[in-house]
Amino acid sequence: MNILANDGISKAGVNALKKYGFNIITSNVAQEQLIDYVNKNSIDGLLVRSATTVRKDLIDSCPNLKLIGRGGVGMDNIDVDYARQKNIHVINTPASSSTSVAELVFAHLYGGVRFLYDSNRNMPLEGESNFKGLKKSYSKGIELRGKTIGIIGFGRIGQEVAKIALGVGMKVIACDSHLDEIAINLDFYDNSSVSFKIKTISKDEVLKQADFITLHVPAQKEYVIDEKEFTAMKDGSVLINVARGGVINEVALVSALNSKKLIFAALDTFENEPKPEVTLLMHPNISLTPHIGAATIEAQERIGEELATQINNLLKK
């Protein structure tokens, strides 16, 4: 059976698929040529990440396709329900990238509270001529320890964020419409562990109490954070989105930053990918990354191996 990993797959995933007896193809086929390529090369399984979309037209035009796999969590680039109606397996890897995404949250947080996102722009330009001025500009950093982090969406990734936050010494509050209480286990290098119970509260309470708010929700029909939510936040708070583009009203976000309601924001995902709004890209108080939440070597290895296992279980029955 032929598997096309159109957006790439780790070496560990390639090796696992080969071990299971699959022919793995890692060519990157342009979206407009994908239907023709799938049919001409008798592709049984199509693996994608966030770049390739799998919509109804492709599903209808590729009758021999048996499986669609998403290397990651969100599947908004795939018409999942329609594919399943056509008896095509649709899989993803929800657990494999949780740690990597959670660590990116804290990369942004630490970089934000110590102005690294801005100093890394300005030091190359002014470090030689205005060292003392820059030092003064960045002299009012704050510590994360003792602050409150609010997690909106308390699934796998949200819980991984909570683990890091607890280890840092932060207070953790969370909201999730599907969970009332979660036990968070912190496992340490010496095999010791500590357990914390976190009861979820309402989104309104999270907005009111949190110093830092981080989103870990799937794609939504409406904004999770809009003008009303920005108004409810504490003055001088911070918003992080490494979840999905389109869950924040980006116009309202810029307004909240300009009014100093927020001291900074961090974005890894955008409403208009791959062409984010210039007002976001140029804003001096936004820490920016180009949708790299799951882009670590370790996560990609886990994703590849998990996809290979699922493919073998589904297609080798």
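Modeller: Before we start, helices here are DSSP runs of H or I with at least four residues and strands are runs of E with at least two, both numbered from the N terminus. Axes are lines fitted to C-alpha atoms, for helices over the stretch in contact, and angles run from 0 to 180 degrees between N-to-C directions. This is a predicted model, in which local features need pLDDT of at least 70 and side-chain atom pairs count only at pLDDT 80 or more, while totals for chains, interfaces and linings use all residues. Residues are numbered from 1 along each chain as its sequence is written, and side-chain values use heavy atoms, with hydrogens and water left out.

Colleague: At what angle do H5 and H8 pack?

Modeller: Helix H5, residues 98-113, packs against helix H8, residues 156-168, at an angle of about 50°, and their axes are 8 Å apart. That makes H5 oblique to H8, since angles under 35 degrees count as roughly parallel, over 145 as roughly antiparallel, 65 to 115 as roughly perpendicular and the rest as oblique.

Colleague: Which residues in H5 meet H8?

Modeller: On the H5 side they are Ser98, Thr99, Val101, Ala102, Glu103, Val105, Phe106 and Tyr110, and they meet Arg156, Ile157, Glu160, Val161, Ile164, Ala165 and Val168 in H8, where contact means heavy atoms within 4.5 Å.

Colleague: Moving on, is Ile152 buried or exposed?

Modeller: Ile152, in strand E6 (residues 148-152), counts as buried at 4% relative accessibility; buried means under 20% relative accessible area, exposed over 50% and partly exposed in between, with a 1.4 Å probe and protein chains only.

Colleague: What does Ile152 touch?

Modeller: Not counting residues up to four places away in sequence, Ile152 touches a set of residues including Cys175, Lys203, Leu215, His216 and Ile225.

Colleague: And where is Gln159 found?

Modeller: Gln159 is found in helix H8 and is partly exposed, with a relative accessible area of 21%. Leaving out residues up to four places away in sequence, Gln159 touches Phe154, Leu179, Ile182 and Ile184.

Colleague: Last one: what does the side chain of His283 make a polar contact with?

Modeller: The partner is the side chain of Asn258, at 2.8 Å; a polar contact is a pair of N or O atoms within 3.5 Å, where within protein one must be able to donate a hydrogen and the other to accept it, and residues adjacent in sequence count only if both atoms are side-chain atoms. His283 lies in the loop between helix H12 (278-281) and strand E13 (286-288), and counts as buried at 7% relative accessibility.
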